[in-house]
Amino acid sequence: MTLIAALDFSLPLTNPVIIFSLVLFIILFAPILLNRIKIPHIIGLIIAGVIVGPYGLNLLLRDSSIVLFGTVGLLYIMFLAGLEIDLVEFNKNKFRSMLFGLFTFCLPMLLGSISGYYILGYSMTTSILFASMMASHTLLAYPITSRYGITTDPSVTITIGGTMITDILALLVLAVIVGMSQGVIGSSFWLNLSISMVLFALTVIFIFPLIARWFFKHYEDSIGQYIFVLAMVFLGGFLAEVAGIEAIVGAFLTGLVLNKFIPHNSALMNRIGFVGNAIFIPFFLVGVGMLVNVKELFSNLGGLKVGAVMIAVVILGKIGAAWLTQKSFKLSRDQRRMIGGLSMAQAAATLATVLVGYNVILGEAPDGTPIRLISEDILNGSILTILVTCTVSSLIVEKASKNIAEADASATTEETNVDKDKVLICFDEPDTVSDLVDLSLMMNTRKEAPERFALHVVEEQNDDESKRKESEKMMKTALEQAAGSDTIITPIIRYDQSVSKGILYTIKEHLITDIIIGVTQSGSKKSLIGVTTDQILSHTEQTVFVHHSVQPFNTLGRIVVVVNKHAEWEEGFNHWVIKVLTISKESGLPLVIYCNPAIKDAVEAINQPSSKPLTITYENWEDWDDFLILSRELQTNDLFIVVISRPGYSSYHAKLAKTSYYLNKYFAKFSYILLYPQQQITYSKLTDLHHEEGTILDVFSEGRKVAEKTGNLIGNLFRKDAPKNNPGLEEGPEEKKEEI
């Protein structure tokens, strides 16, 4: 009883444990209760903030702790918007974003200035500042698009890019108007503002990536990486404030810069999104609701009048900008709704403008009342506008997101093959586990992931307690890493006479389509890839990725692929091209392909029909004798992918036999992948006019090959043309000359 009596239950609550517990229960139950009546959880959290806030039941004060967590949540929203954006799509839509940013800034500025001057009777200076509050917007409903998995839709990408433009312009208007009211506008003001903004942009764009790449290369601790990212976000926000603009711009720009270092399907990305959506963003929404003074709004008609004008200007201006954008770029009706809904919510920049303007004192009235740049009516009207626009925005975005997601799902169903890909990750050494899992995660699309299996084979003659513990440790590492990105991996520890047999039997048992193997240190004279890998290649037809990693995947700068001629003839061509395109999309790395014109056309035939084709750089490549020259073309942070054929197929020739040797000797400082496409083992595929002695084929296969060549030669004597429909049998002029 004494302990209970010592607790302070007076309102508002002051005990930090009770405060935090209450907010957590609000975050938990408000969405659950309001979702039953089809109200988005974002609105539920804002309404909950109104109820428990100082102007509601007075359970909680909007004290420094709520402000702190709310500020983190606000920056988190902008940071996630920059982090989750598809940089390829963003680059494609940058001109669209610029045009939309001008539309969504100019229309509310025009309508707001006219309304403030002629309807509300404000001065021109106050009217312009009043209009800038409505020209900006906050991506409050962005988590809804993330929940539906449509963050890469062009409408979302366009809106995010436009947000940066309109918010910067609105905050510049704020800086200029406040400077004019304080009499500091002059040449020095503009010079200082310009220099500070340029220095800020250069620091974030060029210095932040260097720091991030160095950190991720040297520190793999998951907690340390998360803290580092959070510190960079707030450093970017602080530098933005130093430059004279709002911190949200710095957070968004930091997200764009760190985008390529945090792949969408990585464990780090999952942690960032989880913590933000579970704690910080809900705190911000509850804090916004606590600003609403319902009694003051309805007791003062001035605030209601200002709020009504602001709401009308926001809705008309933002929907008008969305309509102009739709007509300019021929978007769908749901995409127009998405643009209008996302850009409608008023919160961050609006609050910043109204609070800064409210604190600017222009003078005193005869009765001693301070004359403010922004009056209390505008302050109260702004709070009402925030509540209404956030509600309307969430409802519109919820509906549009659902429709766009359903349309994408139906389109994906039509394009997706019936059989799902199955990826086998073969572990041999503990040091390679993380890199191999990372590569497999990059094969996810944002809508579907292949089925994954992790395998470690223990040879029966080496079966002891230490080997078992090593296997269990590798599987635990793989499972934890996959779980961090919400990915399921089926672990398999197999005991067999040899590693290669264990892998081959697992491939057959689970109908594997793709195999990922790490480069081992032990090598044979014939191939430095490894004896086990050689045996797997000679007895399988699946796509094989032999991965040699020298740095974490998220620190890579681009993907460089080299493809030998005639690769497009083989049946596994489409499959490996789709895999490479997926890796490029999900990692955000630009793609450069060295190939001949025929392969370029074949790759584009796969790339262009996709819903979001990549912009690929092609370099002409004809002669494999120039392979070593590529070591001078590669950059330090490149991922080098060599598409190489197994012996006995149309794209194979004797020069390829030394590829693994060259990679180990001249390309060892680069991360590389030897990619062996799917090549079905059939009699016709064994016909290869480039074949020479020394390749890995057994005597029985060689005998069949010679017999088949002889049969083809005899058959061709009685036909005018050689068969053209079978790539494995087709011969070019050079090959015919060599055969003769």
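## Strands E6 and E7

In this predicted model, strand E6 (residues 514–518) and strand E7 (residues 543–548) run parallel and are joined by five bridges. One of the pairings places isoleucine 517 with valine 546 of E7 as its bridge partner.

Strand E7 also has strand E12 (671–676) as a partner. Here five bridges join E7 to E12, but the two strands run antiparallel. Within this pairing, histidine 548 has tyrosine 672 in E12 as its bridge partner. E7 is mostly covered, since six of its six residues are buried. Thr543, Phe545 and His547 point one way from the strand, while Val544, Val546 and His548 point the other way; all are buried.

## The sheet as a whole

E6, E7 and E12 belong to an open sheet formed by 10 strands. The order across the sheet is E5-E4-E3-E6-E7-E12-E11-E8-E9-E10, and the pairing is mixed. The edge strands are E5 (489–496) and E10, each of which pairs on one side only. On average, and with direction ignored, neighbouring strands of the sheet are turned by 20 degrees against each other.

## Helices packed on the sheet

Helix H19 (residues 433–441) packs on the sheet and touches strand E3 (422–426), strand E4 (451–459), E5, E6, E7 and E12. The direction of H19 makes about 155 degrees with that of E6. H19 is mostly covered, with eight of its nine residues buried. The buried residues are Val433, Asp435, Leu436, Val437, Asp438, Leu439, Ser440 and Leu441.

Helix H26 (659–666) likewise packs on the sheet, where it touches strand E11 (638–643) and E12. The direction of H26 makes about 175 degrees with that of E12.

## The E10 edge

At the E10 edge of the sheet, strand E9 (residues 591–595) and strand E10 (residues 617–620) run parallel, joined by four bridges. Cysteine 595 stands opposite asparagine 620 in E10. To pass from E9 to E10, the chain crosses through helix H24 (residues 597–607), and this β-α-β crossover is right-handed.

Helix H12 (residues 247–258) has 12 residues, which should span 16 Å at 1.5 Å a residue. The end C-alpha atoms of H12 are 17 Å apart, which agrees with that expectation. Because 12 of the 12 residues of H12 are buried, this helix is largely enclosed by the rest of the structure. The buried residues include Ala247, Gly250, Phe252, Thr254 and Leu258.

## Loop residues

Most residues other than glycine have a negative phi. Asparagine 58, although not a glycine, has a positive phi of about 60 degrees. This asparagine lies in the loop between helix H3 (41–52) and H4. Asparagine 58 counts as partly exposed because its relative accessibility is 26%, a value between the 20% limit for buried residues and the 50% limit for exposed ones. Leucine 511 is not a glycine either, and has a positive phi of about 55 degrees. Leucine 511 is found in the loop between helix H21 (499–510) and E6. With a relative accessible area of 61%, leucine 511 is exposed.

Lysine 669 lies in the loop between H26 and E12. Lysine 669 is exposed, and its relative accessible area is 62%. Although 32 residues separate lysine 669 from asparagine 637 in sequence, the two are 9.7 Å apart in space, C-alpha to C-alpha.

## The whole protein

The protein has 28 helices and 12 strands. Of its 740 residues, 52% count as buried. Among contacts between residues at least 6 apart in sequence, 80% join residues at least 24 apart.

Key: Residues are numbered from 1 along each chain as its sequence is written. This is a predicted model: local features need pLDDT of at least 70, side-chain atom pairs count only at pLDDT 80 or more; totals for chains, interfaces and linings use all residues. Side-chain values use heavy atoms; hydrogens and water are left out. Two strands pair if DSSP finds at least two bridges between them. A crossover is right-handed if, with the strands pointing away from the viewer, the path from the first strand over the helix to the second runs clockwise. The expected span of a helix is 1.5 Å times one less than its number of residues. Buried means under 20% relative accessible area, exposed over 50%, partly exposed in between (1.4 Å probe, protein chains only). Axes are lines fitted to C-alpha atoms, for helices over the stretch in contact, and angles run from 0 to 180 degrees between N-to-C directions. Contact means heavy atoms within 4.5 Å.
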